[in-house]
Amino acid sequence: MSPAEATARPLNVALAMGPGVGRRVFPPQRLATVTEPLRLLSPEPITDFSTPEARRLLAETEVLLTGWGCRMIDGAVLAAAPRLQYVLHAAGSLKHHVGAECWERGIQVSTAADANAIPVAEYTLAMILLANKRVLQIGRELHRTRAAVDPEKLFPDLGNYGKRVGIIGASKIGRHVIRLLEPYELEVVLADPFVTPDQAAALGVELVGLDELVASSDVVSLHAPSLPATRNMIDAGLIARLRPGATFINTSRGELVDQDALLRRLEEGDVFAVLDVTTPWVLPADSGFYTNPNVLLTPHVAGSLGTELERLAASAIDEAYRAARGEALRYEVKAEELAFTA
């Protein structure tokens, strides 16, 4: 036993999330890692804070591991959880799960948003490389013609060497994308009003204005949070500035983009789009995005799915061990940060 383990204090742990989420995010092999000094009160998550069983568990809970579908942790829930000290969210956004009362009572809150950002960044990296290589368009042409295809005749500028990639938003995902792009011989630029040129240089990118980024990049990838101030931030004017041949990637939120303007530009046939998110989440059956040959639609697969879900659980459980050892949470979220996060 290490000195840190010897001095760790025991903490009672409970789970809270929506029905069916527990087994997906916290499978038995991951729950088995919750051992001393942590004490798992029940392997079954609380799905309704008002039940007698939930009230019994809450009365003993010091650490609450939450996930998608968790009911709002408000004053009424806290009244039933007098020993609660930590809310550790095994997912990204906290806005629909953690009430202001938690911070007011001094409860420490953390999120697995950084862990959830990794698969989104991996998806984005793959799409950037495929976009510059024109793989999706060339593959579609091969399927269409069922004959020999000359890639360079179709796209003389295909390839990743020396291409400019524009990242909109130095969010957790945006920063992971920048990190993953480091090994490639690409020119990466960033647009973010809250980042200084020195901070951008430390990330290994050049800070430019949004207009310049959109007009000069071969691939434009959106990673800004969904906030009132970012609604339709990619408006008709910016969409018109996309350079011919450019690819626009959205793994953020559909409401950040003027979708009608984007579809009109796509119908001109000179730009491409990879959309993992739209507004609404499922487009109407008659949407032109389904039939436009310059669009790749995916059903929000960039985020954590399948085996990637366990990474979220591992992140939250690691935070619980840090709490037991009296260490600072690695991904603590302060109340004032909610206004600037997704």
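1. A residue is called partly exposed when its relative accessible area lies between the limit for buried, under 20%, and the limit for exposed, over 50%. His300 has a relative accessible area of 31% and is therefore partly exposed. This residue is found in the loop between strand E12 (295-297) and helix H16 (309-324). Its backbone deserves attention as well: although His300 is not a glycine, it has a positive phi of about 55°. The model under discussion is a predicted one, and the remarks below should be read accordingly.

2. Overall composition. The chain has 16 helices and 12 strands. Of its 342 residues, buried residues make up 50%. Taken along the principal axes, the box filled by the C-alpha atoms of the chain is roughly 70 × 45 × 40 Å.

3. Strand E6. How many of the five residues of strand E6 (residues 164-168) are buried? Five of the five are buried, so strand E6 is largely enclosed by the rest of the structure. The side chains of the strand divide between two directions: Arg164, Gly166 and Ile168 point one way, and Val165 and Ile167 point the other way. Residues on both sides of E6 are buried, Arg164 among them.

4. Neighbours of E6. Strand E6 is joined to strand E7 (residues 187-191) by five bridges, and the two strands run parallel. Strand E9 (residues 219-222) also pairs with E6 in the parallel sense, over four bridges.

5. With a relative accessible area of 40%, Asn232 is partly exposed. Ile234 is found in the loop between E9 and H13 too. The relative accessible area of Ile234 is 4%; the cut-off for buried is under 20%, so this residue is buried. From Ile234 to Val214 the C-alpha distance is 9.5 Å, and the two are 20 residues apart in sequence.

6. Cis peptide bonds. The peptide bond from Glu36 to Pro37 is cis, with omega near 10°. Pro37 is found in the loop between helix H3 (28-31) and strand E2 (38-40). The peptide bond from Thr279 to Pro280 is likewise cis, with omega near -5°. Pro280 is found in the loop between strand E11 (272-275) and helix H15 (288-291).

7. Val282 has a relative accessible area of 66%, and because the limit for exposed is over 50%, the residue counts as exposed. Together with Trp281 and Tyr290, Val282 makes a nonpolar surface patch of about 370 Å².

8. Aromatic contact. A pair of aromatic rings is described by the distance of the centres and the angle of the planes. The count in this structure comes to one aromatic pair. The rings are those of Phe155 and Phe272; their centres are 6.3 Å apart and their planes stand at 65°, so the pair is edge-to-face. The pair links distant parts of the chain, as Phe155 is in the loop between helix H9 (151-154) and E6, and Phe272 is in strand E11, 117 residues apart. Are the two residues buried or exposed? Phe155 is buried, with a relative accessible area of 15%, and Phe272 counts as buried at 9% relative accessibility.

9. Helix H16. Ala323 lies in helix H16. At 0% relative accessibility, this residue counts as buried. Ala323 and Ile46 are 277 residues apart along the chain, and their C-alpha atoms are separated by 21 Å.

Notes: Residues numbered from 1 in each chain as written. Predicted model: local features only at pLDDT ≥ 70, side-chain atom pairs only at ≥ 80, totals over all residues. Heavy atoms only, no water. Buried < 20%, exposed > 50% of the residue type's maximum accessible area, 1.4 Å probe, protein only. Pairing = 2+ DSSP bridges. Phe/Tyr/Trp six-rings, centres within 6.5 Å; stacked < 30°, edge-to-face > 60°. Patch = residues over 30% accessible without salt bridge, like charges linked within 9 Å, V, L, I, M, F, W, Y side chains within 5 Å. Areas by Shrake-Rupley, 256 points an atom, 1.4 Å probe, with all protein chains shown as cover. Salt bridge = Lys/Arg side-chain N within 4 Å of Asp/Glu carboxyl O.
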